Amino acid sequence: MISPVLSNIFLHYVLDEWFTEVVQPRLRGPSTLVRYADDFVMLFAYKDDAERVLLVLGKRLGRFGLEIHPDKSRMVDFRYQPQASAAGVGKGLATNFKFLGFVHVWVVSRRGKPVVRQQMAKDRLARALRGISEQCRRMQHRPMREQHRRLCLRLRGLYGYFGISGNYRRLSELADKARACWRKWLSRRSNARRLTWEQFASILEYLPLPVAVIRHLRASP
């Protein structure tokens, strides 16, 4: 546990204080830095400010033996762009970004207003399912109730983190594939016969897995 704490202290000096005390006073417009551990997003009102900071960011980190991950660092034009005019705006730049396991993207709400939604990133969904599959594989010969208890804990943890407004469809996909994964490994407990969906449904009647649920609600614009 000491390593993440030291990392946060180190990056507070290397990045946070430098951005506030050195970078922001030299920018043309407003800006913000959002950092969690070693993941961070910088937001700028003007593209030229972003380009200037990107040029010096690598040098700043290099002074302390750090470097920018080439596959995870990019400039994004995150202004709202209606579909009708998006083709000529921000050409060459991505219009969404991933941060802390979520894809941040502009959508139009049911009331017709542009809003930013956070959806579980596909690679995080794939990683979560790989973890569930590995857990089911390791415990396939343990008592059914123990398997159920551990799998419920894992799913509730994922719902607790990713259960945010606008992400229900991705959570439902996670829940469906988690059930299928559990059935697959239960079927491999014995070579005698395969567990049918009807038999598995009977198991779920008395050992139900938690359904997808939104834990973090926000007011609709």
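In the predicted model, Arg60 touches Tyr13, Val14 and Trp18 when residues up to four places away in sequence are not counted. Arg60 belongs to helix α2. The residue is buried, yet no salt bridge is formed.

Tyr80 is located in the loop that runs between α2 (47-62) and β3 (97-99). With a relative accessible area of 34%, Tyr80 is classed as partly exposed, because this value falls between the limits of 20% for buried and 50% for exposed residues. Beyond neighbours within four places in sequence, the contacts of Tyr80 are Trp106, Val108 and Pro114. Val107 is 27 residues from Tyr80 along the chain, and the C-alpha atoms of the two are 8.8 Å apart.

Nonpolar side chains in soluble globular proteins tend to be buried together. In the present model, the largest nonpolar core contains 30 residues, of which Ile132, Cys136, Leu151, Leu174 and Trp182 touch the most other members. Two or more residues of this core are supplied by each of α3 (122-138), α4 (144-162), α5 (168-187) and α6 (197-206). Helix α5 provides the largest share, 8 residues. For Leu151, the contacts other than neighbours within four places in sequence are Ile132, Gln135, Cys136, Met139, Trp182 and Leu209.

Methods. Residues are numbered from 1 along each chain as its sequence is written. This is a predicted model: local features need pLDDT of at least 70, side-chain atom pairs count only at pLDDT 80 or more; totals for chains, interfaces and linings use all residues. Side-chain values use heavy atoms; hydrogens and water are left out. A nonpolar core is a set of buried Ala, Val, Leu, Ile, Met, Phe, Trp, Tyr and Cys residues joined through side-chain atoms within 4.5 Å. Buried means under 20% relative accessible area, exposed over 50%, partly exposed in between (1.4 Å probe, protein chains only). Helices (H or I, at least four residues) and strands (E, at least two) are DSSP runs, numbered from the N terminus. Contact means heavy atoms within 4.5 Å. Lys and Arg count as positive and Asp and Glu as negative; His and the chain ends are not counted. A salt bridge is a side-chain nitrogen of Lys or Arg within 4 Å of a carboxyl oxygen of Asp or Glu.
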